[in-house]
Amino acid sequence: MTNSEFIFKITLIGDGAVGKTSIRHRYMGYGFKESHLMTLGADFSVIDKEFREGETWTYQIWDIAGQKIFEEIRSRFYKGSMGALVVFDVTDKQTLRNCLSWVKELYRFSGSDAIPVVLLANKSDLRNRKSVDMKKAHKFVKILNEGTASYGFTNHVLETSAKTGLNIETAFKLLGDAIRARF
Ligand code: G3D
Ligand code: MG
């Protein structure tokens with residue numbers, strides 16, 4: 001029996017191939033597959049997590065295709081979104097630069113500019129190929145936090161690896177905490 005239940009509709013956004021589907025699979029307990037099919041349009045998972053005894057959080061995880069051609073489909077999946085994991089690839093600077101337009105798209109189509117975000121610097125296991133300056137990621141989140149300060153939640157940034165599992169659980173937990181603070 002659970003005392004309280006929370007249902008969080010969240011979206012995974014970011015450029016194609018940054019690791020969104022791999023992060024979702026890792027969180028679902030599917031492990032890491034070196035190779036899988038590109039997400040077409042959107043894909044969806046539901047998982048229950050018990051964080052404290054008697055308190056279950058249900059995550060509805062929308063995994064949205066990053067490719068430009070899916071823009072039309074994507075806009076419909078943002079509706080009612082309560083938070084987002086915004087993912088970039090630490091080996092590709094452009095994927096961090098594009099996070100601003102991803103967040104703008106999220107704010108616009110979800111119908112709110114006060115949606116909690118956790119920015120994920122993914123593929124951090126590829127340390128030797130890392131080309132992104134993490135100061136830029138921290139600065140981006142600082143700017144987001146200035147915009148959302150009056151809503152009672154904090155946006156975060158984390159280094160993750162879908163391959164090793166680093167910070168994957170923490171990412172979803174932080175997003176859940178922020179959503180609870182917000183709604
Ligand atoms: P997407 O859903 O954002 O489009 P995917 O991205 O999850 O499909 O991942 C794209 C590629 O990056 C996949 O490789 C996947 O295995 C790899 N990848 C995802 N996350 C990580 C990570 O944390 N570390 C490393 N080293 N690789 C990662 P392929 O070979 O299938 O293109
Ligand atoms: Mg995908």
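Mentor: What follows covers the salt bridges and then a patch of charge.

Mentor: This is a predicted model, in which local features need pLDDT of at least 70, side-chain atom pairs count only at pLDDT 80 or more, and totals for chains, interfaces and linings use all residues. Residues are numbered from 1 along each chain as its sequence is written, chains are lettered from A and ligands numbered from 1 in the order in which they are written, and side-chain values use heavy atoms, with hydrogens and water left out.

Trainee: How many salt bridges does a search of the whole structure find?

Mentor: The search finds 8. A salt bridge here is a side-chain nitrogen of Lys or Arg within 4 Å of a carboxyl oxygen of Asp or Glu.

Trainee: Which residue forms one with Asp43?

Mentor: Arg24 does, with the closest N and O atoms 3.3 Å apart. Asp43 belongs to strand β2 (residues 42-52) and Arg24 to helix α1 (residues 20-28), so the pair ties together parts that are 19 residues apart in sequence. Helices (H or I, at least four residues) and strands (E, at least two) are DSSP runs, numbered from the N terminus.

Trainee: Is Arg24 buried or exposed?

Mentor: Arg24 is buried, at a relative accessible area of 3%, whereas Asp43 is partly exposed at 37%. Buried means under 20% relative accessible area, exposed over 50%, and partly exposed in between (1.4 Å probe, protein chains only).

Trainee: And what is the partner of Lys49 in its salt bridge?

Mentor: Lys49 pairs with Glu169, the closest N and O atoms being 3.1 Å apart. Lys49 is in strand β2 and Glu169 in helix α6 (residues 168-182), so this pair ties together parts that are 120 residues apart in sequence. Lys49 is buried, with a relative accessible area of 16%, while Glu169 is partly exposed at 42%.

Trainee: Changing topic, which residues gather in the patch of positive charge on the surface?

Mentor: They are Lys93, Arg97, Lys136 and Lys139. Helices α3 (93-97) and α5 (134-148) each give two or more residues to this patch. Patches are made of residues with over 30% relative accessible area and no salt bridge, like charges being joined within 9 Å and nonpolar side chains (Val, Leu, Ile, Met, Phe, Trp, Tyr) within 5 Å.

Trainee: How exposed is Arg97?

Mentor: Arg97, which lies in helix α3, is exposed, with a relative accessible area of 53%.

Notes
Accessible areas come from the Shrake-Rupley method with a 1.4 Å probe; for residues, only the protein chains shown count as cover. Lys and Arg count as positive and Asp and Glu as negative; His and the chain ends are not counted. The place of a charge is taken as NZ of Lys, CZ of Arg, CG of Asp or CD of Glu.
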